[in-house]
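Hello,

My notes on it follow.

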Amino acid sequence: MKTNTNHIGHRLVFYVHDELDERETTYIATHLEQCAACRGEYELIKKGAEMLASLKSIPAPRNLWDTILRELRSQTESFTEDSEKTHLPKINK
Ligand SMILES: [Zn+2]
């Protein structure tokens, strides 16, 4: 049986978020220096975490919800008007 290379795998996520003890952090740092595959994965996870962090720091515009509501309302209104027209019973004279 082939010896299983001890890749970092899912522990990279904890490493990125700095949630590992010192021994594991050192192990992963050393492994990253030697293993291109894990390094690539690490870069991806790190970018994702950075993106999330920057998203959280951007405050949503205050009028965003108002705009959405207004947009929804106007769409609903025009939809209702249209459907009322279509569903109006035809008056047979
Ligand atoms: Zn590896």
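The protein chain has four helices and zero strands, where helices (H or I, at least four residues) and strands (E, at least two) are DSSP runs numbered from the N terminus. Read along the sequence, the pattern is α-α-α-α.

This is a predicted model: local features need pLDDT of at least 70 and side-chain atom pairs count only at pLDDT 80 or more, while totals for chains, interfaces and linings use all residues. Residues are numbered from 1 along each chain as its sequence is written.

The mean pLDDT (the predictor's confidence in each residue, from 0 to 100) of the protein chain is 82, and 76% of its residues reach 70 or more. Where pLDDT is low, the predicted coordinates should not be read in detail.

Of the 93 residues in the protein chain, 6% are buried, that is, 20 or more other C-beta atoms, placed from the backbone, lie within 10 Å of the residue's own.

Beyond its neighbours within four places in sequence, I28 is in contact (C-beta atoms, placed from the backbone, within 7 Å) with I8, R11 and Y15.

Helix α3 is hardly covered, with two buried residues among its 22.

Regards

Technical notes. Buried ≥ 20, exposed ≤ 12 C-beta atoms within 10 Å, placed from the backbone. Contact = placed C-beta atoms within 7 Å.
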